[in-house]
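Here are a few notes to read alongside the structure.

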Amino acid sequence: MFRLLIITTLLILPLQSIASVSYTVRIAAYHNVDSLKQELKKLPPALRRTVEVEKKGDLHIASSIQTEDKTTLQRLLPSYQKTFPDAFIFKVLKNRGK
């Protein structure tokens with residue numbers, strides 16, 4: 001059993017160097033892009049410049065720009081939540097090898 005744990009650990013360690021973690025604030029998801037844009041206008045201009053809108057299926061998802069600095073997002077999160085109370089920090093795994 002102990003040998004299996006060691007082998008598993010040795011196999012996982014190289015994968016950690018391939019994948020890095022970044023973070024984003026998931027702000028909102030709307031079906032109607034015009035409604036989303038109207039709500040985004042309520043954000044301060046400095047925050048609005050950090051927002052990206054992506055279409056996934058029928059939804060338009062607004063998120064902040066991805067960063068590896070989670071501390072900065074934790075400081076900014078209350079500012080996003082003034083307009084979008086359900087905003088939250090989301091961990092994104094990305095591959096370095098591609």
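1. Let's start with helix H4. This is a predicted model, and in it H4 bends by about 35° at Leu76.

2. How many residues does H4 have, and how far does H4 reach? H4 has 14 residues and spans 20 Å from its first C-alpha to its last. That is close to the 20 Å expected at 1.5 Å a residue.

3. Now look at which side chains of H4 face inward: Leu73, Leu77 and Tyr80 are buried in this helix. An α-helix has 3.6 residues a turn, so residues three or four places apart point the same way.

4. Tyr80 also turns up in the largest nonpolar core, which has 15 residues. Val25, Ile27, Leu40, Leu43, Val51, Tyr80 and Phe84 touch the most other members. Strand E1 (19–30), helix H2 (33–40) and helix H4 (70–83) each supply at least two residues of this core. E1 gives the most, with four residues.

5. Leaving aside neighbours within four places in sequence, Leu43 is in contact with Arg48, Val51, Ser79, Tyr80, Thr83 and Phe84.

6. Finally, the aromatic rings. The structure holds one aromatic pair. The rings of Phe88 and Phe90 have centres 6.4 Å apart and planes at 80°, so this pair is edge-to-face. Phe88 counts as partly exposed because its relative accessibility is 41%, and Phe90, at 30%, also counts as partly exposed. Arg26 lies over the face of Phe90, at 4.1 Å from the ring centre.

Note on methods:
Residues numbered from 1 in each chain as written. Predicted model: local features only at pLDDT ≥ 70, side-chain atom pairs only at ≥ 80, totals over all residues. Heavy atoms only, no water. Phe/Tyr/Trp six-rings, centres within 6.5 Å; stacked < 30°, edge-to-face > 60°. Buried < 20%, exposed > 50% of the residue type's maximum accessible area, 1.4 Å probe, protein only. Lys NZ or Arg CZ within 6 Å of the ring centre and 35° of its normal. Core = buried A, V, L, I, M, F, W, Y, C linked by side-chain atoms within 4.5 Å. Contact = heavy atoms within 4.5 Å. Expected span 1.5 Å × (residues − 1). Bend = angle between axes of the 7 residues up to and from the residue.
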